[in-house]
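Please look over the sequence and the structure below before reading on. The paragraphs that follow go through a few of its elements in turn.

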Amino acid sequence: MIASADKQSVKPLHVADHVIQPGTQAVIELPITKLATGSTVSLPVIIVHGAHPGKRLFLTAAVHGDEVNGIAIIQRSLAKVNPTRLCGSILAVPVANVLGFLQETRYLPDRRDLNRSFPGSSSGPLGARLAHLLLQHVIAQCDYGIDLHSGSDHRTNLPHIRADLNDGPTKRLARTFGAPVILHAPKRAGSLREAAVTRGVRTLVYEAGEAHRWSANDIDVGMRGILNIMRASKMLPQKHSAVRSSPYIATTSRWIRASRGGLVTMHARLGDILSEGQSLATIADAFGTGKRIVRANQRGIVIGLSVNPVVHKGDALIHVAWKKR
Ligand SMILES: [Zn+2]
């Protein structure tokens, strides 16, 4: 039960020069730049400011502009939240890389990667300025957050969480999310997650599906994960019937690469548990000759696959995660 006195204890939320009252939802726009046409491009942020006190959660999607699953995950998660009943606040950025999204590309117009541009600065290239804006006004204002991604370059990912599992509270958040796999991922220089964690904002990365595609299952797992975390941290009422899952916890991962150029017939599927020597794919030339079998060189679980049948020698084919002994 939430005491009615809570209402008086929640103050309006200030983000940039916007003020959001408790128990309301608003979309604000943070100006990024002016286009050559003179139009202003801005970063839209959805703010749900709960009527009751609680944690502050950030959600970001499309940091890589062509990874659209996260946009649907944010839409569907927020549709389940009523600001008059919410404890705490949500700061959600459904399209972080606005310019990349409009061009349906991973990168910014100058080919920079927004997820290597953090913490950014107010005077650097566009990516650095956008990273700075997002970090200053959204991420650094929160207690914890989830950054939503998909596979790149014609690759698809099994729904999984990447996080620093050496940090106990982060590991608990990762488990609470409920994805089938959790992968320990060291911080990567310039990433949103690194910048957030450096500022004390515990952050999970959710990876699922592929760029340029919506996947109903991956969106569903992502939405449930966000709601699970909000319930566990008391932003939403607990569900008594919550089912506990036991994820595959991996400490490392590696891509198995093509041993020759050609066309790939993939035998492995996302989520397959591999035994050493198992046949994963066949590569042959355009005439079906010169066949070569790609085999698992160790045990593990398949968390990523190439979906492009045409490969060059050395191209990434199958992403395997496992627990180091
Ligand atoms: Zn990404």
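The model is a predicted one, in which local features need pLDDT of at least 70 and side-chain atom pairs count only at pLDDT 80 or more, while totals for chains, interfaces and linings use all residues. Residues are numbered from 1 along each chain as its sequence is written, and side-chain values use heavy atoms, with hydrogens and water left out.

Ser-150 belongs to strand S7; helices (H or I, at least four residues) and strands (E, at least two) are DSSP runs, numbered from the N terminus. With a relative accessible area of 2%, Ser-150 is buried, where buried means under 20% relative accessible area, exposed over 50% and partly exposed in between (1.4 Å probe, protein chains only). Neighbours within four places in sequence aside, Ser-150 is in contact with residues including Glu-67, Asn-69, Asn-157 and Glu-207; contact means heavy atoms within 4.5 Å.

Strand S7 (144–151) is also one of the elements against which the buried residues of helix H5 pack, the others being S8 (155–163), S9 (181–184), S10 (202–210) and helix H7 (216–232). Helix H5 spans residues 168–177, and its buried residues are Thr-170, Leu-173, Ala-174 and Phe-177. Seen down the helix axis, these residues fall within an arc of 100 degrees, so they line one face of H5; the arc is that of the directions from the helix axis to the C-beta atoms. Just after H5, Gly-178 has a positive phi of about 90 degrees.

Further along are the paired strands, two strands being paired if DSSP finds at least two bridges between them. Four strands form an open sheet in the order S16-S15-S13-S18, with antiparallel pairing. S16 (292–295) and S18 (310–311) stand at its edges with a single partner strand each, so one side of each has no neighbour in the sheet. Between S13 (residues 262–266) and S15 (residues 279–284) there are four bridges, and Leu-263 has Ala-284 in S15 as its bridge partner.

How many of the seven residues of strand S19 are buried? Seven of the seven, at residues 316–322, so the strand is largely enclosed by the rest of the structure. S19 pairs antiparallel with S12 (residues 252–257) over six bridges, and Ile-318 is the bridge partner of Ile-256. S17 (residues 300–306) also runs antiparallel to S19, joined by four bridges, with Val-320 as the bridge partner of Val-302.
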